[in-house]
Amino acid sequence: ATALFHRFARNGTWVTPTLTVLRAYASLDDAGFMADDRLRYLPASMRADWKPEANPVLAKMTADDFGFLKARYRKQLEIVGAMHRSGVVLLAGTDEPNPFCFPGFSLHDELSLFVQAGLKPFEALKTATVNPAVYLGRDRSLGTVEQGKLADLVLLDGNPLEDIGNTRRIAGVFQDGHYLSREAREKLLAGLEAAAAKH
């Protein structure tokens with residue numbers, strides 16, 4: 001595997017591990033995991049689709065099957081760490097709308113999982129900022145905070161370099177140069193929750 005990862009690095013092969021979806025499938029037997037508070041933002045139809053019993057494969061899974069998925073997920077964390085140490089460039093991705101991959105929210109989960117896999121918080125942040133901009137050939141206008149670049153950024157109430165969980169402490173968002181305050185963001189989320197409850 002190490003030889004393969006070195007080849008990826010030499011060839012410029014980029015990898016998006018989507019650890020969030022891998023963790024989710026390994027955790028669908030965990031009532032605590034499945035009681036995620038963010039479910040309130042999703043319509044009932046999606047919440048129903050995410051239940052294991054709605055999936056013909058998952059509905060037949062045994063405790064041993066889930067034990068295997070958990071072991072495989074732990075190995076996948078090791079593999080991501082090994083790829084990173086070998087110089088493979090990683091990109092953050094969540095593979096939503098797979099079960100318990102929440103639009104928007106799961107990006108923060110993915111960054112935390114990268115840190116669990118062995119990346120430093122700064123390296124994890126790059127998987128969602130600099131790296132995608134370079135991959136897409138947009139690094140002249142996106143990816144870093146610099147004069148002359150597009151004003152798309154998130155303001156935080158804590159330093160993510162000290163704790164990657166601080167990416168969730170959002171004070172405000174600039175999108176295309178327009179400011180969205182914490183209050184405006186909370187209002188949007190409340191509207192999303194109300195819409196989900198109606199449907």
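Student: Why is H199 called exposed in this predicted model?

Tutor: H199 has a relative accessible area of 65%, and exposed means over 50%, so H199 counts as exposed. This residue lies in the segment after α9, the helix of residues 182-198.

Student: Which residues does H199 contact, leaving aside its neighbours within four places in sequence?

Tutor: H199 is in contact with P43, A44 and S45, where contact means heavy atoms within 4.5 Å. H199 and P43 are 156 residues apart in sequence, and their C-alpha atoms are 5.7 Å apart in space.

Student: What makes T13 partly exposed?

Tutor: The relative accessible area of T13 is 30%, and a residue is buried under 20% and exposed over 50%, so T13 falls in between and counts as partly exposed. T13 is found in the loop between α1 and β1, and, not counting residues up to four places away in sequence, it touches F8, V88 and V89. From T13 to V88 the separation is 75 residues in sequence and 7.0 Å in space, C-alpha to C-alpha.

Student: Why is T18 called buried, and where does it lie?

Tutor: T18 has a relative accessible area of 15%, and buried means under 20%, so T18 counts as buried. T18 lies in the loop between β1 (14-15) and α2, and it has a positive phi of about 45 degrees although it is not a glycine.

Student: What makes F100 buried?

Tutor: The value for F100 is 3% relative accessibility, and the limit for a buried residue is under 20%, so F100 is placed in the buried class. F100 also has a positive phi, near 65 degrees, in a residue other than glycine. The loop that holds F100 runs between β2 and α6, and P97 is found in the loop between β2 (89-90) and α6 as well. The peptide bond from E96 to P97 is cis, with omega near 15 degrees.

Student: What makes α2 a mostly covered helix?

Tutor: Six of the eight residues of α2 are buried, namely L19, T20, V21, R23, A24 and A26. What covers these buried residues includes α3 (31-34), α5 (63-85) and α6.

Student: Why is α2 described as roughly perpendicular to α6?

Tutor: The axes of helix α2 (residues 19-26) and helix α6 (residues 105-116) come within 8 Å and cross at roughly 90 degrees. Angles of 65 to 115 degrees count as roughly perpendicular, which makes α2 roughly perpendicular to α6. Two packed helices are described by the angle between their axes and the distance between the axes.

Student: Which residues of α2 and α6 meet?

Tutor: On the α2 side they are L19, T20 and R23, and on the α6 side they are S106, D109, E110, L113 and F114. L19, T20 and R23 are also among the buried residues of α2.

Student: Where is L125 found, and what does it touch?

Tutor: L125 is found in helix α7 (residues 121-126). Not counting residues up to four places away in sequence, L125 touches L111, P160, L161, I164 and T167. R47, by contrast, is 29 Å from L125, C-alpha to C-alpha, and 78 residues apart from it in sequence.

Student: How many helices and strands does the protein chain have, and what share of its residues is buried?

Tutor: The secondary structure comes to nine helices and five strands, and from the N terminus on the elements run α-β-α-α-α-α-β-α-α-α-β-β-β-α. Of the 199 residues, 36% count as buried. Among contacts between residues at least 6 apart in sequence, 62% join residues at least 24 apart.

Key
Residues are numbered from 1 along each chain as its sequence is written. This is a predicted model: local features need pLDDT of at least 70, side-chain atom pairs count only at pLDDT 80 or more; totals for chains, interfaces and linings use all residues. Side-chain values use heavy atoms; hydrogens and water are left out. Helices (H or I, at least four residues) and strands (E, at least two) are DSSP runs, numbered from the N terminus. Buried means under 20% relative accessible area, exposed over 50%, partly exposed in between (1.4 Å probe, protein chains only). Axes are lines fitted to C-alpha atoms, for helices over the stretch in contact, and angles run from 0 to 180 degrees between N-to-C directions. Angles under 35 degrees count as roughly parallel, over 145 as roughly antiparallel, 65 to 115 as roughly perpendicular and the rest as oblique.
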